[in-house]
Amino acid sequence: MNTLPLFYYQPNYVDFLELSLKLNRRIFDDIIVLKNTNYPEFDSVYQHMSSNKEEFEKYCFYRFFNMLDYCKENNIQKFVYCDTDAIFLKKLDWENIIKDEECVLGVPDDQSNFLDAACSHFSIWTLKGLESFCNFILETYKSRIDRLLPKWNYHKASFTGGGIC
């Protein structure tokens, strides 16, 4: 089995969670389901800039803070994260994949037209990388919001779904 734990973040009820857990237990010994939605420091600076519902987008950010809290409380240095609607079909050497990186996630080659995409729906993290990312999120919303506005303005002007999410 895999030595790194698998984290899910699922604060609301979804009917497929139990099946997802059952299937991913074939690959992972340790699956942690996180649910915390109480992040007042983030809520105090968050500005909604997405075509998706605000609650959904906040959950997307909360997951990072929830994982960070859990890792610190439980002395977890590395882990795998995936959305609850994904399953793994094969065992992989997560330690070899992340090597000396702080985070491994999907980034498509095409970053044109304010796509600015990076996908954490499936990702591998270190505590250091996650802490750095959470600090980046807070710092950006607190004092660098101007860096996000051109992308959000593009989405609004072009009627393109997405935004800052």
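**View 1. Surroundings of Gln10.** Leaving aside residues up to four places away in sequence, Gln10 touches Leu17, Val33, Leu34, Lys35 and Thr84 (contact means heavy atoms within 4.5 Å). This is a predicted model, in which local features need pLDDT of at least 70 and side-chain atom pairs count only at pLDDT 80 or more, while totals for chains, interfaces and linings use all residues. Residues are numbered from 1 along each chain as its sequence is written, and side-chain values use heavy atoms, with hydrogens and water left out. Gln10 lies in the loop between β1 (6–9) and α1 (17–24); helices (H or I, at least four residues) and strands (E, at least two) are DSSP runs, numbered from the N terminus. Gln10 counts as buried because its relative accessibility is 9% (buried means under 20% relative accessible area, with a 1.4 Å probe and protein chains only).

**View 2. Polar contacts of Gln10.** The Gln10 side chain makes polar contacts with the side chain of Asn12 at 2.6 Å and with the side chain of Thr84 at 2.4 Å. A polar contact is a pair of N or O atoms within 3.5 Å; within protein, one must be able to donate a hydrogen and the other to accept it.

**View 3. Packing of α3 and α5.** Helix α3 (residues 54–74) packs with helix α5 (residues 127–143) at an angle of about 140°, and their axes are 10 Å apart. Axes are lines fitted to C-alpha atoms over the stretch in contact, and angles run from 0 to 180 degrees between N-to-C directions.

Definitions and conventions: Buried means under 20% relative accessible area, exposed over 50%, partly exposed in between (1.4 Å probe, protein chains only).
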